[in-house]
Amino acid sequence: MSTFDDVTVQVRRESALTEEVIASFAGSTDDRFRTVMESLVRHLHGFVRDVRLSSAEWDEAIAFLNKAGRITDDHRQEFILLSDVLGVSMMTVGVNSPPRSRATESTVFGPFFVEASPEYERGQDISRGMSGMPCYVHGSVRSVDGAVVPSARIEVWAADDEGFYDVQHADQELAGRGHLFASSAGEYDFWTVQPAAYPIPHDGPVGDLLTAARRSPMRPAHIHFMVSADGYKTLITHIFVAGDPWLDGDAVFGVKSSLIVDFFEHPATSAAPRGRRLDVPWSEAVFEIVLAPVD
C-alpha cells in the first residue's frame, strides 16, 4: 500500500521541479537578475499548476508569441500592445510611482514613440498637414514645490482626427510629433490637431485576444507627453480629452482622472495664438506639468 496518496505525490513532484529550476539560477552573481528569475519561475510554474495547463494550450501560447514576434517591426510593437492590454504596462507604472505625489501622474508609453523626432520652436505647428481641427496646447513646467523648471525638453506625439499616427501611414514623413524646449520661465506652447479616439492595431494576435475576450480595442482621444529636465524624473504621460466616450473603457487601462483635460473649442478667427489666422474652428488645451525631483 502506498505511503502517500496520489495527490500528495503529484504535489511533491511538481514542487520539486519548481525548486530544481529555481536552484539553477543560484550561481548568478547578479542579485537582481537572480531575484527576478526566481520569482518568475515560481509565478509561471504556479500559473501552470493553478489552471492545470495542457500541452496543447502551451503550444498555442507559444504560437501566439511567435505571431507577435513576426508582426513586430520598426513601426509596430506587438509585444508592447500585449503588455498594454494585459495591464502589465500600467502595473509597471504603478509599482514605480509613489502612493502620493504632487507631480503629474504617469501613464503608459505606448507603441508609437519614435526616436529622433524633429525639433520645433515654441509656438510652432507640429502637425505638418495632418488632418484635424487645429489645436493649441500650452502650459508651464514646474517642480512639486512650485519652482519654475526652465528649458525642460517636451516630447509630444498624437494621432490625427481619424485615429492614425504618422508611422501607420505608408511612406509618410513624421507628422504630429516633435520636441521643443520650455522657456527660461518654464512656459511652453505648440500647435497640433485635435486628437481623436482610435482602436489600437487589432489585426494581429493581440486583436485576436481582445476578440476572444469580447473586449473593445478603443483608446480615448489623447496626446502623448514625455518631459525631461536635469535633476528631475522623466515624466511619461498623456492628456485625455474631457468628454470622450471611451474614457471609462480604455483598452490599455491608461486613463487617470488627473490627466483628463478640457479642450475648449473656439470659432474661426484672424487673431489666434501666435498670430495664426484660422478660417475654421480650433481648440485649446492647458496642461500644467509638474515634475518630481530625482531621489
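User: Before we look at single residues in this predicted model, what do the words buried, exposed and partly exposed stand for?

Analyst: Buried means under 20% relative accessible area, exposed means over 50%, and partly exposed is anything in between. Arg-276, at 24% relative accessibility, therefore counts as partly exposed, and Asp-125, with a relative accessible area of 30%, is partly exposed as well.

User: With which residue does Arg-276 form a salt bridge, and how far apart are the closest N and O atoms?

Analyst: Side chains of opposite charge can pair when their charged atoms come close. Here Arg-276 forms a salt bridge with Asp-125, and the closest N and O atoms are 3.4 Å apart. Because Arg-276 lies in strand E12 and Asp-125 in the loop between helix H5 and E1, the pair ties together parts that are 151 residues apart in sequence.

User: Is Arg-274 buried or exposed, and which residue does its side chain meet in a salt bridge?

Analyst: Arg-274 counts as exposed, at 51% relative accessibility, and its side chain meets that of Asp-189 in a salt bridge of 2.7 Å, N to O. The two are 85 residues apart, with Arg-274 in the loop between strand E11 and E12 and Asp-189 in strand E4, and Asp-189 is buried, with a relative accessible area of 7%.

User: Which residues have the most contacts inside the largest nonpolar core?

Analyst: That core has 28 residues, and those with the most contacts inside it are Val-141, Ile-154, Tyr-188, Phe-225, Val-227 and Ile-289. Among the strands that each supply at least two of its residues are E1, E2 and E4.

Notes
Residues are numbered from 1 along each chain as its sequence is written. This is a predicted model: local features need pLDDT of at least 70, side-chain atom pairs count only at pLDDT 80 or more; totals for chains, interfaces and linings use all residues. Side-chain values use heavy atoms; hydrogens and water are left out. A nonpolar core is a set of buried Ala, Val, Leu, Ile, Met, Phe, Trp, Tyr and Cys residues joined through side-chain atoms within 4.5 Å. Buried means under 20% relative accessible area, exposed over 50%, partly exposed in between (1.4 Å probe, protein chains only). Helices (H or I, at least four residues) and strands (E, at least two) are DSSP runs, numbered from the N terminus. A salt bridge is a side-chain nitrogen of Lys or Arg within 4 Å of a carboxyl oxygen of Asp or Glu.
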